[in-house]
Every structure is written in C-alpha cells, then in structure tokens.
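The sequence and structure come before the text.

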Amino acid sequence: MLRRERRSVLGVEAVGPYTLLRVARGGLDPGTPGQFFMLEAPGRLLPRPMSVCLAPPGELGFLIDPVGSGTRALCGLGAGDRLGILGPLGNGFRLDVERPVLVGGGIGVAPFPYLSERLGAPAPAAVLGFRSAWHAEAAELVPNAEVVLEPTYVTDVMPAGHDVLACGPAPMLEAVRRLAARAQLAWEAPMACGYGACYGCAVEIDGELKRLCVEGPVLAAA
Ligand SMILES: Cc1cc2nc3c(=O)[nH]c(=O)nc-3n(C[C@H](O)[C@H](O)[C@H](O)COP(=O)(O)OP(=O)(O)OC[C@H]3O[C@@H](n4cnc5c(N)ncnc54)[C@H](O)[C@@H]3O)c2cc1C
Ligand code: FES
C-alpha cells in the first residue's frame, strides 16, 4: 500500500543548470530505474513527478531542471527542510538486456546514474546530448558517457546493434524509435496524482488511451 511520507532534505547541489536534491530515504524502496516519485513542491497544490537519479544507502537523489514554479520551489529547498514524497510509481526499465546503451537528452539523463548502477559492471555505454557545455555537466553523473552538443544529436552517434534504453524530449524519443524498434523509451506527461486516479497523464497509444503513470513512463518502442 502506497503512503505519502514526509522526509528530510539532506542536501542540495548544483549540477550545471540543474539541481541535485538529496532526500533521506528512510524505509522507502528506490524501486526500478525509470520509476518515479511524486514530490510535494512547497506552496504548490500538486506534487511533481521526478525520476530516481541516485539511490545510495539511506538516500534518494533527484536531478531537477527548474522549468516552472514547482520545480523552482523544489530546487529552493535546503538541508533540513521536509517534503512529502510518494513512490516508487509506474513501470521502470527492464534490466534483462544483453547489450545496453543509454540514450538521453537534457534532463532526460536524470534516471541514468541509477540505471547504470543497476545494470551492473562493466558500466553500460551512454550517449548523452545537451544544448550547451554547461548543461552537459550532468553527464558527469553517468559513467562511460559520450557527450554530444547541439547541433549534433544523439541519434547521429547512437551505436547500432544495442538494446537502447532512452529518456529525453519527445522528438528525441520519436527519432530513437525510428532507428531502434525494440528500444525502451521513458516518456513524460503532466501528472497530477501519479497513481492512476486522475487520468491527467492519459496519452493515446495505438488508438487507446493509456495512463502514462501506470502503463509507463517506460514503454516499448514497437
Ligand atoms: C515520470 C516523469 C518523470 C520525470 N522526471 C523528472 C526528473 O527527473 N527531473 C526533472 O527535472 N523533471 C522530471 N520530469 C518533469 C517534471 O515533472 C516537470 O518538469 C515538472 O512537473 C514541471 O513542474 P513546474 O511546476 O516546474 O512547471 P510548470 O509550470 O508546471 O510547467 C513548466 C513547463 O513545462 C511543461 N511541463 C510540465 N510538466 C511537464 C511534463 N511532465 N512533461 C512535459 N512538459 C511538462 C509545461 O507545459 C510548461 O511549459 C518528469 C516527468 C515525468 C512525467
Ligand atoms: S497522473 Fe493521475 S492518472 Fe496518471
């Protein structure tokens, strides 16, 4: 049974333009990479979905891009502050792959540090695309990463013959899907509840409405 918990912030660190928010894990299960938690943003009615970025003992780390009021409020938290947290939610990446390559763009790299760790040694190859060298500082969290900056795209350098696990903006995921029909793709949609109750995250897939928070966020490309 899922329960919203209150947890302490352990630290807040800048990673390029992003913020790494480190939260005390307590008894929370970090889940499978690609799963997410709903984080209550101070002063905001609705929580915001965030992928697990890091899960060292006793902690959950979330890499946050401050794109709006909720994410800015989360990035403004400080050590010792408390926040509500619910999860892990949704379906993560399948880890039973033979030749993984992680393909991501921008804040889409957020789930990759934990995903890389859970795929085990040797660290899987990663191809990460960013719009600037400042944004690319996030690649330092991902072992064995090749970085490309715009106007080069990850799909220009993505190796063939691998099991692709991808996360990033929708146009990037569409381009990956055209090249790798068996890829696993982590999609985004605005989410209000995170557990299937509100239909706020419904997307049409093959003519059927699916709630991305329960059917996804990771979906098979085909
Ligand atoms: C499963 C999942 C995992 C996510 N993981 C991360 C993560 O690890 N790190 C991170 O920084 N962000 C992540 N996001 C995106 C993050 O939840 C949104 O950026 C955040 O909710 C925006 O809230 P806001 O109040 O700051 O911005 P708002 O003011 O609500 O929106 C700012 C802008 O972003 C757009 N937007 C808002 N939410 C989404 C969304 N989910 N998808 C596409 N566009 C959106 C709005 O239309 C608007 O243009 C994830 C989203 C999902 C669904
Ligand atoms: S976010 Fe409420 S149903 Fe998916």
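## Partly exposed arginine and the salt-bridge network

The model described here is predicted. Arg 4 has a relative accessible area of 42% and is partly exposed. Arg 4 forms a salt bridge with Glu 40, in which the closest N and O atoms are 3.1 Å apart. Glu 40 sits in the loop between β3 (36-39) and β4 (48-51), whereas Arg 4 belongs to the segment before β1 (5-15), so the bridge ties together parts that are 36 residues apart in sequence. Glu 40 is also partly exposed, at 28% relative accessibility.

The pair is part of a network of salt bridges that links Arg 4, Arg 6 and Glu 40.

## Other salt bridges

The structure holds 8 salt bridges. One of them joins the side chains of Glu 13 and Arg 22, at 3.0 Å from N to O. Glu 13 is partly exposed at 35% relative accessibility, and Arg 22 is partly exposed at 21%.

Another salt bridge lies within a helix. Glu 174 and Arg 177 form it, with their closest N and O atoms 3.1 Å apart. The two residues are 3 positions apart in helix α4 (residues 170-179), a separation of about one helical turn. Arg 177 is partly exposed, with a relative accessibility of 32%, and Glu 174 is partly exposed with 31%.

## The sheet

Six strands form an open sheet in the order β4-β3-β6-β1-β2-β5, and their pairing is antiparallel. β4 and β5 (59-64) stand at the edges with a single partner strand each, so one side of each has no neighbour in the sheet. From one strand to the next, the twist averages 40°.

Within this sheet, β1 pairs with β6 (residues 82-89) in the antiparallel sense, over 4 bridges. Arg 6 stands opposite Gly 84 of β6. Arg 6 is also a member of the salt-bridge network with Arg 4 and Glu 40.

## The aromatic pair

The structure holds 1 aromatic pair. It consists of Phe 37 and Phe 62, whose rings are 5.9 Å apart centre to centre, with 75° between the planes, an edge-to-face arrangement. An angle over 60 degrees counts as edge-to-face, so the 75° between these planes places the pair in that class.

Phe 37 is in strand β3 and Phe 62 is in strand β5, so the pair ties together parts that are 25 residues apart in sequence. Both Phe 37 and Phe 62 are buried.

## Nonpolar cores

The largest nonpolar core has 26 residues, of which Val 103, Val 164, Ala 166, Val 176 and Leu 185 touch the most other members. At least two residues of this core come from each of β3, β6, β7 (100-105), β10 (163-167), α4 and α5 (212-215). The most is given by α4, with 3 residues.

What does Val 103 touch, not counting residues up to four places away in sequence? Its contacts are Phe 112, Val 127, Val 154, Met 158, Val 164, Leu 165, Ala 166, Cys 167, Met 172 and Val 176. A second, separate core has 24 residues, including Cys 53, Val 97, Phe 112 and Ala 126.

How values were computed: Residues numbered from 1 in each chain as written. Chains lettered and ligands numbered in written order. Predicted model: local features only at pLDDT ≥ 70, side-chain atom pairs only at ≥ 80, totals over all residues. Heavy atoms only, no water. Salt bridge = Lys/Arg side-chain N within 4 Å of Asp/Glu carboxyl O. Buried < 20%, exposed > 50% of the residue type's maximum accessible area, 1.4 Å probe, protein only. Pairing = 2+ DSSP bridges. Axes fitted to C-alpha atoms, helices over the stretch in contact; angles between N-to-C directions. Core = buried A, V, L, I, M, F, W, Y, C linked by side-chain atoms within 4.5 Å. Contact = heavy atoms within 4.5 Å. Phe/Tyr/Trp six-rings, centres within 6.5 Å; stacked < 30°, edge-to-face > 60°.
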